[in-house]
Amino acid sequence: IVLINARESLGNYEKELTELALDLDEGMAVKLNDKWYHGHECINVLALLSTKSGVFNKFNSWIFRHKTLCLILYPIMRFSRNLTLRLLGIRKLNSSN
């Protein structure tokens, strides 16, 4: 897995993400076997790929391996992230301001 900080550079992935209209302000994304997963699908895939070592990984795997829970919890997580960024004064990635 390669982690990319979208605030720094998307590298070779910028064109793909743009063509697929995957907005990283609206959700995280992961590419697995040439397929992109975005938002709640992304956290589900990451949970299925994660190791079960450690309490944090076990908890994440237990919660997010269920697609329905991802669908329910992801909007809450995204709202919390957006609120935190706003309170910290951090602009959205695609903000022109």
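Which element holds the place of Ser61? Ser61 sits in helix 3, and helices here are DSSP runs of H or I with at least four residues, strands being E runs of at least two, both numbered from the N terminus.

## About the model

This is a predicted model, in which local features need pLDDT of at least 70 and side-chain atom pairs count only at pLDDT 80 or more, while totals for chains, interfaces and linings use all residues. Residues are numbered from 1 along each chain as its sequence is written, and side-chain values use heavy atoms, with hydrogens and water left out.

The side chain of Ser61 makes a polar contact with the side chain of Lys52 at 3.4 Å. A polar contact is a pair of N or O atoms within 3.5 Å; within protein, one must be able to donate a hydrogen and the other to accept it, and residues adjacent in sequence count only if both atoms are side-chain atoms.

Not counting residues up to four places away in sequence, Ser61 touches Ala47, Ser50 and Lys52, where contact means heavy atoms within 4.5 Å. The buried residues of helix 3 are Asn60, Ser61, Ile63 and Phe64. Helix 2 and helix 4 are among what covers them.

## Nonpolar cores

The largest nonpolar core has six residues: Ile43, Ala47, Ile63, Phe64, Cys70 and Tyr74. Such a core is a set of buried Ala, Val, Leu, Ile, Met, Phe, Trp, Tyr and Cys residues joined through side-chain atoms within 4.5 Å. Helix 2 (40–49), helix 3 and helix 4 (67–88) each give two or more residues to this core.

A second, separate core of five residues includes Leu10, Leu17, Leu24 and Trp36.

## Aromatic pairs

How many aromatic pairs does a search of the whole structure find? The search finds two, counting rings of Phe, Tyr and Trp (its six-membered ring) whose centres lie within 6.5 Å, with planes under 30 degrees apart called stacked, over 60 edge-to-face and the rest tilted. Tyr13 and Trp36 are edge-to-face, at 5.8 Å centre to centre and 85° between the planes. This pair links distant parts of the chain, with Tyr13 in helix 1 (residues 13–19) and Trp36 in strand 2 (residues 35–38), 23 residues apart. Tyr13 is partly exposed at 29% relative accessible area, whereas Trp36 counts as buried at 16%.

Phe59 and Trp62 form a tilted pair, 6.5 Å centre to centre with 45° between the planes. Because they are three residues apart in helix 3 (residues 55–64), about one helical turn separates Phe59 and Trp62. An α-helix has 3.6 residues a turn, so residues three or four places apart point the same way. Phe59 counts as partly exposed at 47% relative accessibility, and Trp62 as exposed at 51%.

## Cysteines

The structure holds zero disulfides, a disulfide being a pair of cysteine sulfur atoms within 2.5 Å.

Key:
Buried < 20%, exposed > 50% of the residue type's maximum accessible area, 1.4 Å probe, protein only.
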